Amino acid sequence: MTILSGCQSFLDVNVDPTLKSDATLQELLPTAQFYTSEASYQQAYVAGQYAQQLGSNLGTNGTDAYYEAENATGWSNLYLYVIPQLNLLVQKGQTENSPAYVGIAKTLLAYNLGLATANWENVPFSQADQKNFTPGYDTQQTIYTSIQKLLDEGIAELAKNAGTKPGADDMVYGGDLGKWSRLAYSLKARYAMHQSGLNPQTAAQAALAALPNAMTSNADDFQLQYNSKNLSPWYSRVALANSTGNLSITYGSTFVDLMNGKVQGIVDPRLPIVVSLKNGQTTYAGVVPGSGAGSTVDFTIRAWHSNINSPIVMMTYAEVKAIEAEARFLANGGSLTSTGTTTDAYNAYLDIARANMQKLGVATEAANTYLNDAAVSVGATNLTLLHIMHEKYKAMFLIGDIWTDVRKYNYLDFPMPLNANPDLNGQRIQRMKYPSSELTRNAANAEANLKQPSVKMWVFTK
């Protein structure tokens, strides 16, 4: 997917933080997509450190040591820009009999609500409006119900295939409503599986019901493409800054060790594509969580996710295959401690890496060598949820929703960070902190929903 010339101009000069009441559908859609991409980046920057894909370059007491992060920019982005833009897009689309725009807006709104509740648990939605500065908070259970309702409504609107339809103003799919519908079904499966800790069978069956209509290839991936004129934040704010000595984050050892052979016993062919070495280094090692040390790698402008033409990736076909593998594993009675599953679940597991390697441009021979190695090709009778989660974890690099899976399965087999935040008393971080601005402006509602960082969210309790 490429940004067409008109959308290049939009990203270059037309990102206006003011919400115009007279904005057209064609102006509102790319604006909402841009801010959705920004929200995804903001979430992944924090969640990736908690999930140990990323680590701090700045020593101890960093986010990767489970110190609380507000993600204040992500919060303000959601409530000042995304929700108002998308609500207005829905209203105008309904008024102008343009169901395609309504369907896309509701799908994007569901996605952004998913980001918000995964970050903070209870959040404003039903009362959230640009004109209301003290909205009440919806419970996480209510948010998940709202997400599924929005997606169902979005799918129905997209199926009408009537009225004005987007074209170049759709910077994600170029007006392809079939891809939007497949994204909506994919999101239904994602957010159903968020709740598998509450009821594995119910969640698995809901996901499996949606998957036949979900993404069918990498061509359906949900991402916003950037380029040398319109710069991806992973390139401009992180990689480029690192290259000039303004260090922030790098690759975490947990992520790198899954790639370099230390954990699986085979070097993943994606390693040199995704991870870049420091000058003069030949061995891949990530920063040890909570230490700021041990890294031989740099988050640089040479890597696939952080070069000048990199997209912001928000959901992929590889993730859909991971959802399928997990759902089929659970539907077959599997658990985190059990072994063995169905052939369909096993094939979906193999497709996680296969799809991601195709996306990243791994040579077919190298991909087949990896997939046929005994460490990966374990057979259906020996498959575990940990196998599935390891492959999902790698394929979802810099997609912040992976933190949901990590928390859902009690941080898997990941090590405890060094110098971990003592306030957590040896427990894992479970949530981001409500921004200080919210605690000041909307104090009564925010404080009523404020919880300690180690308290599990509703979605992770049984």
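Predicted model: local features only at pLDDT ≥ 70, side-chain atom pairs only at ≥ 80, totals over all residues.

Colleague: How are α11 and α14 oriented to each other, roughly parallel or roughly antiparallel?

Modeller: The axes of α11 and α14, the latter spanning residues 385-395, come within 10 Å and cross at roughly 165°. Angles over 145 degrees count as roughly antiparallel. The two helices are therefore roughly antiparallel.

Colleague: Is the crossing of α11 and α14 left-handed or right-handed, and how many nonpolar residues does the contact have?

Modeller: The crossing is left-handed. On the α11 side the contact includes Ala318, Ile323 and Phe329, and these residues and others meet Leu385, Ile388, Met389, Lys392 and Ala395 in α14. By class there are no polar residues and 3 charged ones, and the number of nonpolar residues is 10.

Colleague: What is the orientation of α5 to α6, roughly parallel or roughly antiparallel?

Modeller: Helix α5 covers residues 140-159, and its axis comes within 10 Å of that of α6, with a crossing at roughly 160°. Because of this angle, α5 is to α6 roughly antiparallel.

Colleague: Which handedness does the crossing of α5 and α6 have, and how many charged residues are in the contact?

Modeller: α5 passes α6 in a left-handed crossing. Among the residues that make the contact are Tyr144, Leu151 and Asp152 of α5, together with Trp180, Tyr185 and Lys188 of α6. The contact divides into 12 nonpolar and 2 polar residues, and the charged residues number 2.

Colleague: Which parts of the chain does the salt bridge of Arg182 and Asp220 tie together?

Modeller: The side chains of Arg182 and Asp220 meet at 2.9 Å, N to O. Arg182 belongs to helix α6 (residues 177-193), whereas Asp220 is in the loop between α7 (200-210) and β2 (222-224), so the pair ties together parts of the chain whose separation in sequence is 38 residues.

Colleague: How many residues apart are Glu319 and Arg190?

Modeller: The side chains of Glu319 and Arg190 form a salt bridge at 2.8 Å, N to O. Glu319 lies in helix α11 (residues 317-331) and Arg190 in helix α6, so that the pair links distant parts of the chain, 129 residues apart.

Colleague: Which residues are joined with Glu324 and Lys321 into one network?

Modeller: Glu324 and Lys321 meet in a salt bridge of 2.8 Å, N to O, and both lie in helix α11, 3 residues apart, about one turn of the helix. Both residues are buried. Through salt bridges that share partners, the network also takes in Arg328, Asp351 and Arg354.

Colleague: How many salt bridges are found in the whole structure?

Modeller: Side chains of opposite charge can pair when their charged atoms come close. A search of the whole structure finds salt bridges to the number of 24.

Colleague: Where is Val378, and with which residues is Val378 in contact beyond its neighbours within four places in sequence?

Modeller: Val378 is in the loop between α13 (364-372) and α14. With a relative accessible area of 16%, Val378 is buried. Leaving aside neighbours within four places in sequence, its contacts are Tyr346, Leu383 and His387.

Definitions and conventions. Residues numbered from 1 in each chain as written. Heavy atoms only, no water. Salt bridge = Lys/Arg side-chain N within 4 Å of Asp/Glu carboxyl O. Helix = DSSP H or I, 4+ residues; strand = E, 2+ residues; numbered from the N terminus. Buried < 20%, exposed > 50% of the residue type's maximum accessible area, 1.4 Å probe, protein only. Axes fitted to C-alpha atoms, helices over the stretch in contact; angles between N-to-C directions. Parallel < 35°, antiparallel > 145°, perpendicular 65-115°, else oblique. Left-handed = near helix turned anticlockwise from the far one by under 90°. Contact = heavy atoms within 4.5 Å. Nonpolar A, V, L, I, M, F, W, Y, C, P; charged D, E, K, R; others polar.
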